[in-house]
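User: I would like to learn how to read a structural model feature by feature. Could you give the general idea each time, and then the case at hand?

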Amino acid sequence: METLEIASRLNRSDVDNATLDALRITTDRLASEYPFMPTEQLLIEGRQWLRRVVELHTKSLTLAQHREVLALSGCLTLLVGCVEYDTGDRHAAESTRRAALSLATESDHAEVPGGRTRCGHGSLSQPVTTAASSRRRWQEPTRRRITA
């Protein structure tokens, strides 16, 4: 096998852009619906998408795709942790928060909240999602929030 062929194989991906786009859109949608979607439904759907993300990790990814999948995994994991917190499962929420922090560190991605990741109604600062969805979330003060 020639060097160029080896290098080409290292940069090959089994995951197309449409798959990553769908994951991005779904992550943003779930985070945007966080204040409004029934807790149990959000928990189930968030965990289902995390399972799909695990399947992506079994495929060949470029370095950029791998980092993006880790970053989106961190956002989804944080979302699930916040829902766990909302349901009163503080132990699971803390473990999930630590997993989200680990993914954020591993992905080295600015969109995933860093070490100050918190859930609940305590110290609220930045949500995980886009500015547009954030404005909607902050306009509803009695609803759940994802914070960093």
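Analyst: The turns below go through elements, core, helices, salt bridges and surface. This is a predicted model, in which local features need pLDDT of at least 70 and side-chain atom pairs count only at pLDDT 80 or more, while totals for chains, interfaces and linings use all residues. Residues are numbered from 1 along each chain as its sequence is written, and side-chain values use heavy atoms, with hydrogens and water left out.

User: How many helices and strands does the chain have?

Analyst: Helices (H or I, at least four residues) and strands (E, at least two) are DSSP runs, numbered from the N terminus. The chain has six helices and two strands. Read from the N terminus, the order of elements is α-α-α-α-α-β-α-β.

User: What share of the residues counts as buried?

Analyst: Buried means under 20% relative accessible area, exposed over 50%, and partly exposed in between, with a 1.4 Å probe and protein chains only. Here 42% of the 148 residues of the chain count as buried.

User: Which residues touch the most other members of the largest nonpolar core?

Analyst: A nonpolar core is a set of buried Ala, Val, Leu, Ile, Met, Phe, Trp, Tyr and Cys residues joined through side-chain atoms within 4.5 Å. The largest one holds 22 residues, and Leu23, Leu30, Tyr34, Leu42, Val69 and Leu76 touch the most other members. At least two residues of this core come from each of helix 2 (17-33), helix 3 (39-57) and helix 4 (63-86). Helix 4 gives the most, with eight residues.

User: How is helix 4 covered, and what span does helix 4 reach?

Analyst: The expected span of a helix is 1.5 Å times one less than its number of residues. Helix 4 has 24 residues and reaches 35 Å from its first C-alpha to its last, close to the expected 34 Å. Helix 4 is mostly covered, with 18 of its 24 residues buried. Gly88, with a positive phi near 95°, follows helix 4.

User: Which residues of helix 5 are buried, and which are exposed?

Analyst: Start with its length: helix 5 (residues 90-107) has 18 residues and reaches 25 Å from its first C-alpha to its last, close to the 26 Å expected. Its buried residues are Ala92, Ala93, Thr96, Arg97, Ala100, Ala104 and Ser107. Seen down the axis of helix 5, these buried residues fall within an arc of 135° (taken from the directions from the helix axis to the C-beta atoms), so they line one face of the helix. On the other side of helix 5, His91, Arg98, Thr105 and Glu106 are exposed. Asp108 follows helix 5 and has a positive phi, near 50°.

User: Where does Gly46 lie, and is Gly46 buried or exposed?

Analyst: Gly46 lies in helix 3 and is buried, with a relative accessible area of 0%. Its C-alpha atom is separated by 9.4 Å from that of Thr26, 20 residues apart along the chain.

User: How many salt bridges does a search of the whole structure find?

Analyst: A salt bridge is a side-chain nitrogen of Lys or Arg within 4 Å of a carboxyl oxygen of Asp or Glu. The search finds seven. One of them joins Arg24 and Glu68, whose closest N and O atoms are 2.2 Å apart. This pair links distant parts of the chain, with Arg24 in helix 2 and Glu68 in helix 4, 44 residues apart. Arg24 counts as partly exposed, at 31% relative accessibility.

User: What does the salt bridge of Glu45 with Arg29 tie together?

Analyst: The closest N and O atoms of Glu45 and Arg29 are 2.3 Å apart. Glu45 lies in helix 3 and Arg29 in helix 2, so the pair ties together parts that are 16 residues apart in sequence. Glu45 is buried, with a relative accessible area of 16%, whereas Arg29 counts as partly exposed at 31%.

User: Which residue forms a salt bridge with Arg97?

Analyst: Glu94 does, with the closest N and O atoms 2.8 Å apart. Arg97 and Glu94 are three residues apart in helix 5, and therefore separated by about one helical turn. Arg97 is buried, with a relative accessible area of 12%, and Glu94 counts as partly exposed at 29% relative accessibility. Elsewhere, salt bridges that share partners join Asp21, Arg24 and Glu68 into one network.

User: Which residues make the nonpolar surface patch?

Analyst: Patches are made of residues with over 30% relative accessible area and no salt bridge; like charges are joined within 9 Å, and nonpolar side chains (Val, Leu, Ile, Met, Phe, Trp, Tyr) within 5 Å. Accessible areas come from the Shrake-Rupley method with a 1.4 Å probe, and for residues only the protein chains shown count as cover. Met1, Ile6 and Leu10 make a nonpolar patch of about 350 Å². Ile6 is found in helix 1 (residues 3-10) and counts as partly exposed, at 39% relative accessibility.
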